[in-house]
Protein chains: 2
Amino acid sequence: MTPTAQDRSGSTLARLARLLADDTRATFCLALLGGRAWTASELARYAGVAPSTATEHLNRLIHGGLLVEARQGRHRYVQLASPDVAQLLEDLTSHLDPPARPGRSLRGATASAALARGRTCYDHLAGRLGVEITDAMTRAGLLQQRTGFALTEDGLAWLTGVLKVTEADLRDTRRPVARACLDWTERRPHLAGVAGARVCRHLMAERWVARIGSGRAVRVTPAGEAALSDLLGIDPAAIA
Amino acid sequence: MTPTAQDRSGSTLARLARLLADDTRATFCLALLGGRAWTASELARYAGVAPSTATEHLNRLIHGGLLVEARQGRHRYVQLASPDVAQLLEDLTSHLDPPARPGRSLRGATASAALARGRTCYDHLAGRLGVEITDAMTRAGLLQQRTGFALTEDGLAWLTGVLKVTEADLRDTRRPVARACLDWTERRPHLAGVAGARVCRHLMAERWVARIGSGRAVRVTPAGEAALSDLLGIDPAAIA
DNA sequence: CCGTCGGTTCGGCCGGCACCGAAGCGATGC
DNA sequence: GCATCGCTTCGGTGCCGGCCGAACCGACGG
């Protein structure tokens, strides 16, 4: 026990936690976890606070390094500062209490059902869709989760061959190639990291999955159902 | 944008963050991240608050599910509730600002130097020692970090053969066998998960590493230097 | 050029909460 | 038995920060 020599890290941890310790700011961050940039007033309306209140919160989040802004004309666009921040938020949400299934109103129920079915998690896919793709890749021997979480050699070849991802594109960033992201609704791991981002980008580019409205939710297109069934043997019913 | 249908998750995230959003509570949690159980007054003295204040904080942390208590006579021992909570704290600390090298007083400098050299991170090893072991295992082909983070087949055999860990002991828990834990001082990944815990337990049991005092810091014994050099080819100078 | 709109600044209000000291309580030890 | 010790409970205090509305500013559009 070192009475006086306690490292100053407790207070820096507290400072970080304080940024997320408010309902409104937490709501902002989770909305931004979808990966898109939002304007200040969009967020204000979404969270149900006055514009002036939203301004103060955004200032704190930006100053704290969680968000970055891009001003365009009279608009102030904000988004998560980096994949690092996105991972931080994923980590936190994966430790939250059970998702609380019900869903009160019909609107709420259908909206959260859509999120549970498929959504973006910053730059990769999550929800039942994300888990299903991960499981299919594991069954196909492209991914192994027995002694950790990593692509196999076949998986690496699949990414470069089938998805046309270059080796350099996978490698020269400081992020891990593949990591597990624990799904908040499914309580199961799904593929994140650079590989997860590339899979998501490819599926979006081919229009196999598309965003629903402006939120985080995504749906699989008819062409996507066929392609996923073809590429990974995913039963369309599993992701319907 | 769904004005009213925002999922209630923002407020549960905020509730979790609020538990860590206070200097004193954060200091408690980081102290407990060492893995040992502390009494209430130890923590109070360590954080520099009155016993009554510590009681209130502990109640909140326990009620919030981060800590569990064990009462023995007039003592109240607390520790982290689960490896899950430990991982949550690791995740958070790995996203903190740079460690701020200096270290003002001599006492503070030597104490934090000891922590940087080697420490426990709940149930596995961290600091330069943890990173060095991880790197050595990677060089020896026991671990691969190229396409993710996982033990190799050789690594699995090494654990069961050399470290006498049974397959069942590695498998039948819900935790991943191997995962990366980003080191706060080194900014590099080191081995966590069940495998990390077993390596740490084995090294402690053989008295190759030993705790320094009652905190998180550990040191390598002379026997440990020889064993690590022998088993993994680690240069004693690298972990001195 | 003036109206509108997105965003910001400022003042003021209010609730929550971190802290302490004093008093109380059960366990321990002499 | 009494003194001590670890912990808890309870009042009281003070501060921090989340919220709003009103006024303001700059960008845009007719």
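The radius of gyration is taken over C-alpha atoms, and the globule rule is 2.2 Å times the number of residues to the power 0.38. With 240 residues, a compact globule would have a radius of gyration near 18 Å, and chain A agrees at 19 Å. This is a predicted model: local features need pLDDT of at least 70, side-chain atom pairs count only at pLDDT 80 or more, and totals for chains, interfaces and linings use all residues. Residues are numbered from 1 along each chain as its sequence is written, while chains are lettered from A and ligands numbered from 1 in the order in which they are written.

**Chain A**

- Chain A has 11 helices and 11 strands. Both are DSSP runs numbered from the N terminus: helices are H or I with at least four residues, strands are E with at least two.
- Its C-alpha atoms fill a box of roughly 55 × 50 × 40 Å, taken along the principal axes.
- Of the 240 residues of chain A, 46% count as buried. A buried residue has 20 or more other C-beta atoms within 10 Å of its own, with C-beta atoms placed from the backbone.
- Take contacts in chain A between residues at least 6 apart in sequence: 50% join residues at least 24 apart. Contact means C-beta atoms, placed from the backbone, within 7 Å.

**Where chains A and B meet**

- Chain A brings 51 residues to the contact, and chain B brings 50 residues.
- On the side of chain A that touches chain B, H1(A) gives the most, with 10 residues.
- That side of chain A holds 23 nonpolar, 17 polar and 11 charged residues. Here Ala, Val, Leu, Ile, Met, Phe, Trp, Tyr, Cys and Pro count as nonpolar, Asp, Glu, Lys and Arg as charged, and the others, Gly among them, as polar.
- S7(A) and S7(B) run antiparallel, joined by 3 bridges. Strands pair if DSSP finds at least two bridges between them.
- A:Phe149 has B:Phe149 as its bridge partner in S7(B).

**Nonpolar core**

- A nonpolar core is a set of buried Ala, Val, Leu, Ile, Met, Phe, Trp, Tyr and Cys residues joined through C-beta atoms within 7 Å.
- The largest has 140 residues, and A:Ala17 and B:Ala17 touch the most other members.
- Beyond its neighbours within four places in sequence, B:Ala17 contacts A:Ala17, A:Leu20, A:Ala21 and A:Ala26.

**Around DNA strand D**

- DNA strand D is surrounded by 19 residues, the closest being A:Ser52, A:Gly73, B:Ser41, B:Ser52 and B:Thr55. Near means a C-beta atom, placed from the backbone, within 6 Å of the strand.
- The surface near DNA strand D has 4 nonpolar, 10 polar and 5 charged residues.

Definitions and conventions: Contact = placed C-beta atoms within 7 Å. Buried ≥ 20, exposed ≤ 12 C-beta atoms within 10 Å, placed from the backbone.
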